[in-house]
Amino acid sequence: MAAAQLRVVMPIEFSTSIGFSDAIREGGSRTLNPKNDCRFLRRKKIRWSFYSLFANTNYACVGQEPDKDLKFPIYSSMVANPVGEVAISSEQKVYDVVLKQAALVEQQLRRKTAIEVNTDMVVPGTDYLLKEAYDRCGQVCAEYAKTFYLGTLLMTPERRRAIWAIYVWCRRTDELVDGPNASHITPSALDRWEARLEDVFAGQPYDMLDAALSDTVVNFPVDIQPFKDMIEGMRLDLKKSRYKNFDELYLYCYYVAGTVGLMSVPVMGIAPESYATTESVYNAALALGIANQLTNILRDVGEDATRGRVYLPQDELADAGLSDEDIFNGKVTDRWRNFMKNQIRRARMFFMEAEKGVSDLSQASRWPVSASLLLYRQILDEIEANDYNNFTKRAYVSKAKKLIALPVAFGRSLIRPSRKKPALVKP
């Protein structure tokens, strides 16, 4: 792969769009200072399952048997359409991506026992520019995701710089449809952003922030597919504001948040003493992204309603005796409370699966992941504390609770992977 080269263009044209995935940020709806980004221009030139599968469940998404009183429908990886043909569900599509990402990391591990930065691939005279690019990514991370940034400081310098670069690219992508210029974004603009991404992976960045990502993909086995899938999630936001069932919502959650986990695992690394399969570690990372996005959706019901968006499964709303009008009216009723209880329960199931994979990451990478998991899961507690009023009350974790959670997360990050080899499960 070609080495990353910084393309310097003067005079610099600035833009205010620089966004970031809400699944890994704490900055709310704030946007970055426009002086920090360059305008992007078009250049010329599943089934997925966690550890176990229960024959009497319809959705192999978690490694535990669902509660018998669970009130929301769950879907299998293979579903039948009205004419009797079998179609691949969202989870199967995502699982195919998971397998590919796991294979890439396994190939890298076979080549060498540890991820090492190849300094020979840095173009002479550009190392100081790359350092400046990574430093700027770190500043962005520190400003908009303080807790996560603090955790990255425990990583090796190479790993934390790479995580910062991925973090910034995700924020810029998210800001395209949720930032101040969102009303001007068209599908063709996203097409240009995707073309620019391909150039970044080819070692031809457009600006200093792109250069950091270009260098990252040279030094770590990061694949372009999750990045493209995140852009696909932005396309959905432009054209879709309703999801008829959880299968559709699951795919959206993967696009906008689950992808972040798949991008990050190759950088964070897997503990050498772990007996976990690479696939299971990726599945846990995916579960964390899904859990975080489901939590975002439940937290932001009222805010999304003001924009005419309902990110809740339509069929489950109907089964609960609810409709979009109930959401737009914003009244907390017993029906709404019961509906929310089941939605929160499902999000917690994904958090439980994500937690199983934290100890299998390299030790220096566990704290930021553990902290993110603990803090986001507490948002669900706050929704309950607000009596399920996510119409007019925004659930958030107080600074005091965050301070308490950080040492807890650090303590959990010290837990070593189980030395017990996983048992083989016969079909």
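## Packing of helix 4 and helix 6

In this predicted model, helix 4 (residues 157-178) and helix 6 (residues 208-219) are oblique to each other. Their axes lie 9 Å apart and form an angle of about 130°. Helix 4 passes helix 6 in a left-handed crossing.

Helix 4 contributes Ala 162, Ala 165, Ile 166, Val 168, Trp 169 and Arg 172 to the contact, and helix 6 contributes Leu 209, Asp 210, Ala 212, Leu 213 and Thr 216. Of the residues in this contact, eight are nonpolar, one is polar and two are charged.

## Annotated transmembrane region

An unreviewed UniProt entry assigns the annotation "transmembrane region" to residues 249-271. In the model, this span is 87% helix and 0% strand.

Most residues other than glycine have a negative phi. Asp 387 has a positive phi, near 55°, and Tyr 388 likewise has a positive value, near 65°. Asp 387 is located in the loop between helix 14 (363-385) and helix 15 (399-413), and Tyr 388 also has its place in the loop between helix 14 and helix 15.

The accessibility of each residue is assigned separately. Asp 387 counts as partly exposed because its relative accessibility is 36%, whereas Tyr 388 is buried, with a relative accessible area of 11%. The value for Tyr 388 is under the 20% cut-off for buried residues.

Note on methods:
Residues are numbered from 1 along each chain as its sequence is written. This is a predicted model: local features need pLDDT of at least 70, side-chain atom pairs count only at pLDDT 80 or more; totals for chains, interfaces and linings use all residues. Side-chain values use heavy atoms; hydrogens and water are left out. Axes are lines fitted to C-alpha atoms, for helices over the stretch in contact, and angles run from 0 to 180 degrees between N-to-C directions. Helices (H or I, at least four residues) and strands (E, at least two) are DSSP runs, numbered from the N terminus. Angles under 35 degrees count as roughly parallel, over 145 as roughly antiparallel, 65 to 115 as roughly perpendicular and the rest as oblique. A crossing is left-handed if the near helix is turned anticlockwise from the far one by less than a right angle, and right-handed if clockwise. Contact means heavy atoms within 4.5 Å. Ala, Val, Leu, Ile, Met, Phe, Trp, Tyr, Cys and Pro count as nonpolar, Asp, Glu, Lys and Arg as charged, and the others, Gly among them, as polar. UniProt positions are given in the numbering used here, feature names are shortened, and annotations may be inferred rather than shown by experiment. Buried means under 20% relative accessible area, exposed over 50%, partly exposed in between (1.4 Å probe, protein chains only).
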